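Subject: A structure for you to explore

Hello! Here is the structure I promised to pass on to you. Have a look at it first, and then read my notes below.

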Amino acid sequence: MNPLELRASLGLAGVYALRMLGMFLILPVFALYAKTLPGTHSATWIGIALGAYGLTQALLQLPLGMLSDRIGRKKVIYGGLLVFALGSFIAAEAHDIVWLTIGRIIQGSGAISAAITALLADLTREENRTKAMAMIGMSIGTTFAVSLVLGPLLAHYIGVNGIFALTGVLTLMALAGVKYLIPDPVVSRFHSDAEANTSRLGSVMRNGDLLRLNYGIFSLHAAQMAMFVVIPFALTTTGGLDKAHHWQVYLPVVLIGFILMVPAIIYGEKRHKLKTVFVGAIALMTLAQLGMALALDSFWQIVTWLTGYFIAFNILEASLPSLISKIAPADAKGTAIGVYNTAQSFGLFLGAAAGGVLYTHFGSGGVFGFTSFLMLSWLVLAVTMRPPQAVKSVMFHIGESWRGSAPLLSQRLASQRGVKEAVVVIDERVAYLKVSQEDWDEAAVQQLILETN
């Protein structure tokens, strides 16, 4: 990466992480806080308030990404950050559950993830795009882990309303970062690898394996949100742990999850056993949910099942994007990711809302019975999924002056050794390829591309 690309990648990863911070920091403490607010007559309201963020996020992220194609990336990002900050301040000042829910709804309306990835694509060359996107993925994972530990500590010192206020202030600071640290793109165009294309939605939605993955990310985050309606209460009552010390549980289980995730993903990718690792992680997640449904009678049972949960969760969070990339059509990766992200956001909302309703009427057993069903059904779908090809995605720039036949060049590229799929999108000046992870004629491909430039 050159200095401009590195600056853009790190800066936008930071902005993305800041948005996620607003959701993750409150996750381990939200239920306990919401219960104390006027109007919270049952856990149903807790679940609705917790998940409201995900509903507006799901409805708006694709439309706002498309809007950024028309009016500019930074304009959408500025607007989204201002809306997110407004929602954070409303949540900070909320004196009842209704206003807290309104604040969460407004927070979710600042749905800028698609605009951020589009801007990142504008600011990075094709050969560095995957690295840049990986930085965003790493920032999300790191933010989630840090937030579970930091959230209870911050709640102890500044309160949950203080966390919302802090999030709002940091978001306003991020506006200055986008203005002065993130470069303006010289050329802004559509990128099939980073943005949703409405003309490709049909092919993405008809792909059975992609639908399995979309159901998976929906279920994974629905279970997560339902679980965090219950777990804070379980740690406080059953575990006898003051809420200010919940981080002492989250820290070791999250670290164990991260440590075990790395060899699992390396094994899956290097040995072409990604489906085996993937299905195994879902099975472990299912076991953890069943364990919580049947046995939350002691502190150590809670810790045991949480450990299993975070091991599985980290493996699944790391492997799902890789599977999307391997399975999606070469020129529709951005569309596939957009649908995937939307399914995730709907999972956040519906999982939290269902968790609140079930906890109100059936207790923790009802909640974890629901999450167990989600995981079992996902496990069945994953087992029947075709093993993904051992491929990786690569992109090459097509010179602005080239006037050849895109279909002919696609055909010639696809005929090279190890190239599984090749699509030249001349409007984007990009050749999208899926190539064998072990053996592809990179020199021949580069020579063909060089002849076009």
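Does asparagine 314 count as buried or exposed? With a relative accessibility of 5%, asparagine 314 counts as buried; buried means under 20% relative accessible area, exposed over 50%, and partly exposed in between (1.4 Å probe, protein chains only).

Before going further, a word on where the values come from. This is a predicted model, in which local features need pLDDT of at least 70 and side-chain atom pairs count only at pLDDT 80 or more, while totals for chains, interfaces and linings use all residues. Residues are numbered from 1 along each chain as its sequence is written, and side-chain values use heavy atoms, leaving out hydrogens and water.

**The whole chain**

The chain has 15 helices and three strands. Both are DSSP runs, numbered from the N terminus: helices are H or I with at least four residues, strands E with at least two. Along the principal axes, the C-alpha atoms fill a box of roughly 70 × 45 × 35 Å. The radius of gyration is 22 Å, which agrees with the value near 22 Å for a compact globule of 453 residues (it is taken over C-alpha atoms, and the globule rule is 2.2 Å times the number of residues to the power 0.38). Of the 453 residues, 57% are buried. Among contacts (heavy atoms within 4.5 Å) with a separation of 6 or more, 83% are between residues 24 or more positions apart.

**Helix α12**

Asparagine 314 lies in helix α12. Not counting residues up to four places away in sequence, asparagine 314 touches Val254, Gly257, Phe258 and Met261. The helix covers residues 299–327 and has 29 residues. From first C-alpha to last, α12 reaches 41 Å, close to the expected 42 Å; the expected span is 1.5 Å times one less than the number of residues. In α12, 21 of the 29 residues are buried. Look also for a kink of about 25 degrees at serine 319, shortly before proline 321 (the bend is the angle between axes fitted to the seven residues ending there and the seven starting there).

**Aromatic rings**

How many aromatic pairs are there? The count comes to 11, where rings of Phe, Tyr and Trp (its six-membered ring) pair if their centres lie within 6.5 Å; planes under 30 degrees apart are stacked, over 60 edge-to-face, and the rest tilted. Tyrosine 53 and phenylalanine 84 are edge-to-face, because their centres are 6.3 Å apart and their planes stand at 85 degrees. This pair links distant parts of the chain, with tyrosine 53 in α3 and phenylalanine 84 in α4, 31 residues apart. Both tyrosine 53 and phenylalanine 84 are buried.

Phenylalanine 299 and tryptophan 300 are edge-to-face too, with centres 5.1 Å apart and planes at 75 degrees. Phenylalanine 299 is partly exposed at 22%, whereas tryptophan 300 is exposed at 61%. One aromatic cluster is formed by Phe24, Phe144, Tyr309, Phe310 and Phe313.

**Two loop residues**

Histidine 272 is not a glycine, yet its phi is positive, near 60 degrees. Histidine 272 sits in the loop between α10 and α11 and is partly exposed at 37%. Arginine 429 also has a positive phi, about 60 degrees, without being a glycine. Arginine 429 is in the loop between β2 and β3 and is buried, with a relative accessible area of 9%.

Happy exploring!
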